[in-house]
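Here is a friendly walk through one protein model, with a look at its strands, its backbone and a piece of its surface. Please keep the sequence and the structure at hand as you read.

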Amino acid sequence: MTDVQRMYQGNLEKAKQYAFSVFESQTHGVKNAGLSGKVMRDVNKYVLEGVRITVKDFDKVAITDAKGRFEITPLSTGKYTIIVEKEGYITQIFKDFKISTGVTARLNVLLVAVAEG
């Protein structure tokens, strides 16, 4: 029998409350991280509006605004695959991009236009 089982033996409601509080304390601080940045065109560094940024492993998506900026919050800490895509441009994939607790990670991207031809 574990210490928790001994502490709450016969009191299922208290045991549930304890388990929830432990879970909450272990996960609550984990989601205070995020991802933000700016997307520009590679040649002249003009900002790009309407670029789709996907945190694949977390199923979160953002679209860049008129100034090329985006922000995705909240995120759990960990390593993610980030996909940056816009029609007419070569998609960029960033594997194992690290998101740390308490930090909004910065990702600035230069997209290359697909060659016309």
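Two strands pair if DSSP finds at least two bridges between them, and strands themselves are DSSP runs of E with at least two residues, numbered from the N terminus. By that rule β5 and β6 are antiparallel partners, joined by six bridges. Across this pair, K79 stands opposite K98 in β6.

The model is predicted, so local features need pLDDT of at least 70 and side-chain atom pairs count only at pLDDT 80 or more, while totals for chains, interfaces and linings use all residues. Residues are numbered from 1 along each chain as its sequence is written, and side-chain values use heavy atoms, without hydrogens and water.

| Residue | Phi |
|---|---|
| K45 | about 60° |
| D96 | near 55° |

K45 belongs to the loop between β1 (33-41) and β2 (52-55), whereas D96 sits in strand β6. D96 counts as exposed because its relative accessibility is 58%; the cut-offs are under 20% relative accessible area for buried, over 50% for exposed and partly exposed in between (1.4 Å probe, protein chains only).

Another backbone detail is the cis peptide bond from T73 to P74, with omega near -15°. P74 lies in strand β4 (residues 69-75).

Note on methods:
Helix = DSSP H or I, 4+ residues; strand = E, 2+ residues; numbered from the N terminus.
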